[in-house]
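Me: Please walk me through the helix packing and the aromatic contacts of the structure shown below.

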Amino acid sequence: MIAFLIALILASAFFYGFGITALLPVLIAVATTAILDLFIGYFKSKEFIFPQSAIISGMLIGGLLTQNLQWYIYVFAGAAAVLSKHLIKFQQKHIFNPANFGVLLVSVIFGAAHTWWISSPLIFVLIFGIFILWRLKRIDLGLSFVAAYFALVFLINISNPVACGMMNMGCHMQPSPLTETYYEIINGGVIYFFAMFMLIEPKTSPSQRNQRIIYGILAAVLLISFRFFIPRHDIVLALAVGNIFVPVLNKLKIYSRAKIIE
């Protein structure tokens, strides 16, 4: 994951023309999460443990938040991410995706924008993301979310007919719902990154297959809903709210039809 995120950060910085300055926010966030997690870990176990997950959280925070924010916003987001991992727990597991929690918090408190610039170029996101889904055995979760999300997008597109005016003049200028959905599918870098890097975090996603499928669909519904009512925070809020349902989903007993027959 760390290697993939480094590759995406460098590729995205080149893709958008940010240059070497794009690395500074990432380094600030990584330094904050790594150092804080290192000392909290030492306080708990009296030994220094390499803060791998904290480094990942810092890289995600630096890549999700927009460029050119004040330095303390990245520090605040990194500290919030690490503290949420250690303090907000249920049955020894942290509830919220740490990086997402930090980004959501600074977005609400400071009005910091999150542009998810790390999600380009798309081909890298797909190649790395598919490998991660396979490696973490979360293909069912990623597919259920993506399928549900684009199905909902298509239903929304066909339920909002274009007003063409008298004599239907200008209708030919408007893209069809299928075309609009197609364009969103091929330009959905943020959605794919969300599905393959954020939603599938092992400790904040359900442990069983059927529950993961339900969780993926739930996340898609939350994202579409928040896009209408709270567009500024839609994607990070959808994941945070979805995380709250994970302990409940893990408690559910959901059996497949084949298992019931057996």
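Me: Are helix 1 and helix 6 roughly parallel or antiparallel to each other?

Reply: The model is a predicted one, in which local features need pLDDT of at least 70, side-chain atom pairs count only at pLDDT 80 or more, and totals for chains, interfaces and linings use all residues. Residues are numbered from 1 along each chain as its sequence is written, and side-chain values use heavy atoms, without hydrogens and water. Helix 1 (residues 2-16) and helix 6 (residues 122-135) pack at about 170°, with axes 11 Å apart. Since angles under 35 degrees count as roughly parallel, over 145 as roughly antiparallel, 65 to 115 as roughly perpendicular and the rest as oblique, the two helices are therefore roughly antiparallel.

Me: Which residues of helix 6 make the contact with helix 1?

Reply: Contact means heavy atoms within 4.5 Å. Helix 1 contributes Phe 4, Ala 7, Leu 8 and Ala 11, and the residues of helix 6 are Phe 124, Val 125, Phe 128, Phe 131 and Ile 132.

Me: Why is the pair of Phe 193 and Phe 197 called stacked?

Reply: Rings of Phe, Tyr and Trp (its six-membered ring) pair if their centres lie within 6.5 Å, and planes under 30 degrees apart count as stacked, over 60 as edge-to-face and the rest as tilted. Both residues lie in helix 9 (residues 189-198), four residues apart. The ring centres of Phe 193 and Phe 197 are 4.5 Å apart, and the pair is stacked because the planes lie at 10°.

Key: Axes fitted to C-alpha atoms, helices over the stretch in contact; angles between N-to-C directions.
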